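Subject: Structure handover

Hi,

My notes follow below it.

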Amino acid sequence: MELLRGSRDDRALRTAALLRRSHPADKELQLAGLLQDIGQMLRPGDGARHAVLAAEAVRPLLGERVARLVRLHAPAGAADGPGGDAEAVATLRQAREAAAACGPDAGVLEDWRPLLELVAAGARRAAGNATDPLGRPRGSVLGMP
């Protein structure tokens with residue numbers, strides 16, 4: 001949240017707000033809209049890699065899908081291929097373009113905290129339920145949960 005507060009531009013807030021209205025059930029897409037530009041804040045001036053930096057930063061916190069959407073939102077990300085999220089990537093790019101013009105009231109950053117926490121909790125659960133290479137759930141002893 002502190003990193004997002006450091007942004008001087010509310011384009012990401014407007015993008016996320018547009019996605020909340022157009023795709024209310026896709027929480028990960030909304031967060032990708034909100035977080036799309038954090039790479040520029042992490043390493044200012046590294047414009048060519050900002051989407052990769054942002055994806056690397058959000059992956060451990062919010063999971064693979066949010067990271068993939070954040071990475072692919074930039075036109076350069078198209079070379080990586082969107083996988084099964086081609087429609088979501090296109091939607092994210094369209095919302096970003098629409099948000100460039102003064103759009104609807106985007107609200108305030110703090111409004112997004114509950115959604116960030118919800119998706120982060122889901123990502124932690126998913127990581128905790130992953131299996132090790134031997135097929136046992138992580139943290140299990142001899143296959144016992």
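How many of the nine residues of helix H6 (residues 64-72) are buried? Seven are, so H6 is largely enclosed by the rest of the structure. Buried here means under 20% relative accessible area; exposed is over 50%, and partly exposed lies in between (1.4 Å probe, protein chains only).

Some ground rules. This is a predicted model, where local features need pLDDT of at least 70 and side-chain atom pairs count only at pLDDT 80 or more, while totals for chains, interfaces and linings use all residues. Residues are numbered from 1 along each chain as its sequence is written, and side-chain values use heavy atoms, with hydrogens and water left out.

Overall picture

The protein has eight helices and zero strands. From the N terminus, the elements read α-α-α-α-α-α-α-α. Helices (H or I, at least four residues) and strands (E, at least two) are DSSP runs, numbered from the N terminus. Of the 145 residues in the protein, 39% are buried. The accessible surface is about 8200 Å². Carbon and sulfur atoms account for 57% of that surface. Areas come from the Shrake-Rupley method with a 1.4 Å probe; for residues, only the protein chains shown count as cover. Take the contacts between residues at least 6 apart in sequence: 55% of them join residues at least 24 apart. Contact means heavy atoms within 4.5 Å.

Helix H6 and its partners

The buried residues of H6 are Arg65, Val66, Ala67, Leu69, Val70, Arg71 and Leu72. They pack against H3, H5, H7 and helix H8 (113-128).

Two packed helices are described by the angle between their axes and the distance between the axes. The axes of H6 and H7 come within 9 Å and cross at roughly 55°. Axes are lines fitted to C-alpha atoms, for helices over the stretch in contact, and angles run from 0 to 180 degrees between N-to-C directions. H6 and H7 are therefore oblique to each other. On this scale, angles under 35 degrees are roughly parallel, over 145 roughly antiparallel, 65 to 115 roughly perpendicular, and the rest oblique. The crossing of H6 and H7 is right-handed.

Ala, Val, Leu, Ile, Met, Phe, Trp, Tyr, Cys and Pro count as nonpolar, Asp, Glu, Lys and Arg as charged, and the others, Gly among them, as polar.

Helix H3 against H7

H3 (residues 27-35) and H7 (residues 86-100) pack at about 40°, with axes 10 Å apart. H3 and H7 are therefore oblique to each other. Their crossing is right-handed. Leu29, Ala32 and Gly33 in H3 meet Ala88, Thr91 and Leu92 in H7. This contact has four nonpolar, two polar and no charged residues.

Threonine 91 sits in helix H7. Its relative accessible area is 12%, so threonine 91 is buried. Not counting residues up to four places away in sequence, threonine 91 touches Leu19, His23 and Leu29. Threonine 91 and leucine 29 are 62 residues apart along the chain, yet their C-alpha atoms are separated by 8.7 Å.

Glutamine 36 lies in the loop between H3 and helix H4 (38-42). Is glutamine 36 buried or exposed? Buried, because its relative accessibility is 0%. Leaving aside neighbours within four places in sequence, glutamine 36 contacts Arg11, Ala12, Thr15, His50, Ala54, Val70, His73, Leu92 and Arg96.

Leucine 53 belongs to helix H5 (residues 50-62). At 6% relative accessibility, leucine 53 counts as buried. From leucine 53 to aspartate 37, the C-alpha to C-alpha distance is 9.4 Å, and the two are 16 residues apart in sequence.

Best wishes

Methods:
A crossing is left-handed if the near helix is turned anticlockwise from the far one by less than a right angle, and right-handed if clockwise.
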